[in-house]
Amino acid sequence: MAKEKPPALDIKSYPTHHVITQPNPLRKVLQRIDEKELDDPVARAEQALAGLSGEFKNWMVVEADRLSAAHAVVIKEGFTETNSEELFRAAHDIKGDAATFGYPSAAAAAESLCRIIEHAPDLDKVPADLITHHIQAVQAIVHDHTKLDSVKIASELSRRLRKVADEYLVHVNRDRPEHLDAIMAPSIVPGD
Amino acid sequence: MYRIDFNKLRFLLCDDNPHMRRILRTLLHSFGAREAYEAEDGATALEMYTHYVPDIVITDWSMPIFDGLELTQMIRQPESKGNPYAPIIMLTGHSEKRRVTVARDAGVTEFLAKPISAKGLYQRILNVVANPRPFIKTKTYFGPDRRRNTNGAYIGPERRVGAPAEVLQQPSLLDKARSPI
């Protein structure tokens, strides 16, 4: 598909801008079909994803260990730019992946940690326990995930961590309105 | 009815997380795609973009070397030798409104907030295949038309003049990002 010559552009020019339209180069991949021929690619993909789910626990352990390792480096060397970035990246990956892997509470705890790293004016002044509790929460959620009674506890743990983290962030950003707006803004991701 | 013939599409996937790349690859293959090239950082992705000329780019935001936003800005260079018009779907854990706006202003075509779902990804791909938007070039922007509603009261610095507002009836990038599908 991509090897074909790109179609000619139609360019309309105006005083402040150009509007550029090209015939849809991907039109050829749209196929007209009878209703009876219609399969369900989304259902097929969900099934394939379910087939992968046996690996999710291991993947989650790897992600949680990466987070703990990044935190250990911070404890040893402090919040250098590189260390902060790696801690954020590890937490951010968990925030994005964990719900897909079946660990939504770990995603929530990781998101809370991301917010601290992103919005705290001085990471060296963040109470060490606040960060440690987030790391420990992620580890606990991942390792105790199979226990039936732990799901509710995990959810409550993440909720409380987020509450404490938000209170801290609101307090330390009281004179930084742009951060305060971002902290208070609702997430665009629909809730569970 | 229409369906997408995925095996005619070439994808470039860019995410530093190997687990997420595996998820994406699995989803695309089960949709029917056969060509999906993978990069784990923005610099490699840009090289692969030039080399493989993908039809659709799916990129994470946070990545080493340069991130998905910078990758988008480098692809959206109107004078570049490569194809600056390829649809770019940003798949990211960033889930704040201002991030959607920044991504839009960099030239991202679609925004998909993690956690990823098969339905959400399919819907974004269907949209870029079936409903491509014209590109707009101004002094400060080159990318898909960002205007999705008319606002006659708008008097900001990027107010376009000289053409009637042609509005594509599509939900805003933010609304789409908010939607799980």
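Residues are numbered from 1 along each chain as its sequence is written, while chains are lettered from A and ligands numbered from 1 in the order in which they are written. Because the model is predicted, local features need pLDDT of at least 70 and side-chain atom pairs count only at pLDDT 80 or more, whereas totals for chains, interfaces and linings use all residues.

The pLDDT is the predictor's confidence in each residue, from 0 to 100. Chain A has a mean pLDDT of 89, with 92% of its residues at 70 or more. Helices (H or I, at least four residues) and strands (E, at least two) are DSSP runs, numbered from the N terminus. Within chain A, confidence is highest in helix 2 (residues 56-77), at a mean of 97, and lowest in strand 3 (residues 30-32), at 86.

The contact between the chains takes 45 residues from chain A and 52 residues from chain B; two residues are in contact if their C-beta atoms, placed from the backbone, lie within 7 Å. On the side of chain B that touches chain A, two or more residues come from each of strand 1 (2-4), helix 1 (18-31), helix 4 (97-106), helix 5 (118-130), strand 7 (135-137) and helix 6 (173-178) of chain B. Helix 1 of chain B gives the most to this side, with seven residues. The residues of this side of chain B divide into 28 nonpolar, 11 polar and 13 charged. Here Ala, Val, Leu, Ile, Met, Phe, Trp, Tyr, Cys and Pro count as nonpolar, Asp, Glu, Lys and Arg as charged, and the others, Gly among them, as polar.

An open sheet of four strands has the order 1(A)-2(A)-7(B)-8(B), with antiparallel pairing; two strands pair if DSSP finds at least two bridges between them. Its edge strands, which each pair on one side only, are strand 1 (10-13) of chain A and strand 8 (142-144) of chain B. Strand 1 and strand 2 of chain A run antiparallel and are joined by four bridges, and Ser13(A) has His18(A) in strand 2 of chain A as its bridge partner. Between the chains, three bridges join strand 2 (residues 18-21) of chain A to strand 7 of chain B, also antiparallel. Val19(A) stands opposite Ile136(B) in strand 7 of chain B.

In helix 4 (residues 104-119) of chain A, 14 of the 16 residues are buried. A residue is buried if 20 or more other C-beta atoms lie within 10 Å of its own, exposed if 12 or fewer, and partly exposed in between, with C-beta atoms placed from the backbone. Ala185(A), in the segment after helix 7 (177-184) of chain A, is exposed, with 12 other C-beta atoms within 10 Å. Leaving aside its neighbours within four places in sequence, Ala185(A) is in contact with Glu96(B) and Lys97(B).

Most residues other than glycine have a negative phi, and most peptide bonds are trans. Val53(B), in the loop between helix 2 (42-52) and strand 4 (56-59) of chain B, has a positive phi of about 45 degrees although it is not a glycine. Ile65(B) has a positive phi of about 65 degrees and is not a glycine either. A cis peptide bond, with omega about 10 degrees, joins Lys114(B) and Pro115(B).
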